[in-house]
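Try each task before you read its solution.

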Amino acid sequence: IAPYRVTARVVQVIVALSIGVGLLYLVGFFVTLFGGSFDILYGSSPASIVVGLIILGVAASNLLIDFKFIDEGIRLGAPRQMEWYAALGLVSTLVWVYLEMLRLLARIARNQ
């Protein structure tokens with residue numbers, strides 16, 4: 001089995017999707033800040049569960065970018081200080097995946 005290949009195009013798509021998720025959360029924040037309801041993001045309907053699955057997939061795909069960054073750093077002999085930068089990126093992605101998983105499980109539990 002060949003190792004995964006994360007091309008520049010794949011990175012662009014993942015970054016664009018991540019920015020889209022960030023904008024979705026920003027819109028949801030402002031809608032709820034002014035008293036509105038943003039059920040597609042914070043509800044427990046089947047549609048919000050699907051949106052949660054998509055967001056979880058985007059969060060998990062960010063791991064590909066983190067691993068590519070770490071792999072290229074090792075291959076190119078990056079300075080030692082970059083270890084912390086790479087570790088911070090990896091840990092923040094893992095925290096995002098963990099939080100999205102908890103949100104998805106809470107939506108599923110409320111739906112039943």
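**Exercise 1. In which helix does Ser48 lie? Then decide: is Ser48 buried or exposed?**

Before you start, note that this is a predicted model: local features need pLDDT of at least 70, side-chain atom pairs count only at pLDDT 80 or more, and totals for chains, interfaces and linings use all residues. Residues are numbered from 1 along each chain as its sequence is written, and side-chain values use heavy atoms, with hydrogens and water left out.

Solution. 
- Step 1. Ser48 sits in helix α3. Helices here are DSSP runs (H or I, at least four residues), numbered from the N terminus.
- Step 2. Learn the cut-offs: buried means under 20% relative accessible area, exposed over 50%, partly exposed in between (1.4 Å probe, protein chains only).
- Step 3. Ser48 is buried because its relative accessibility is 0%.
- Step 4. Look for contacts, meaning heavy atoms within 4.5 Å. Not counting residues up to four places away in sequence, Ser48 touches Asp39, Ile40, Gly43 and Arg107.
- Step 5. Take Gly43 from that list. Its backbone oxygen lies 3.1 Å from a polar atom of the Ser48 side chain.

**Exercise 2. What span does helix α1 reach from its first C-alpha to its last?**

Solution. 
- Step 1. Find residues 8-33; this helix has 26 residues.
- Step 2. The expected span is 1.5 Å times one less than the number of residues. For α1, 38 Å is expected.
- Step 3. The helix reaches 37 Å, close to that value.
- Step 4. Pick out its buried residues: Ile14, Ser18, Val21, Tyr25 and Gly28. Their cover includes α2 (39-42), α3 (46-76) and α4 (82-111).
- Step 5. Go past the end of α1 to Gly35, which has a positive phi, near 90 degrees.

**Exercise 3. Which residues make up the largest nonpolar core?**

Solution. 
- Step 1. Use the rule: a nonpolar core is a set of buried Ala, Val, Leu, Ile, Met, Phe, Trp, Tyr and Cys residues joined through side-chain atoms within 4.5 Å.
- Step 2. The largest core has seven residues: Val21, Tyr25, Phe38, Leu41, Val51, Ile55 and Val58.
- Step 3. The largest share, three residues, is from α3.
- Step 4. A second, separate core has five residues, among them Leu56, Ala59, Val97 and Leu104.

**Exercise 4. How many aromatic pairs does the structure hold?**

Solution. 
- Step 1. Rings of Phe, Tyr and Trp (its six-membered ring) pair if their centres lie within 6.5 Å; planes under 30 degrees apart count as stacked, over 60 as edge-to-face and the rest as tilted.
- Step 2. There are two pairs. Phe29 and Phe30 have ring centres 5.4 Å apart and planes at 65 degrees, so they are edge-to-face.
- Step 3. Phe69 and Tyr85 are also edge-to-face, at 5.5 Å centre to centre and 70 degrees between the planes.
- Step 4. Phe69 lies in helix α3 and Tyr85 in helix α4, so this pair ties together parts 16 residues apart in sequence.
- Step 5. Phe69 is partly exposed at 34%, and Tyr85 is exposed at 55%.

How values were computed: Helices (H or I, at least four residues) and strands (E, at least two) are DSSP runs, numbered from the N terminus. A polar contact is a pair of N or O atoms within 3.5 Å; within protein, one must be able to donate a hydrogen and the other to accept it, and residues adjacent in sequence count only if both atoms are side-chain atoms.
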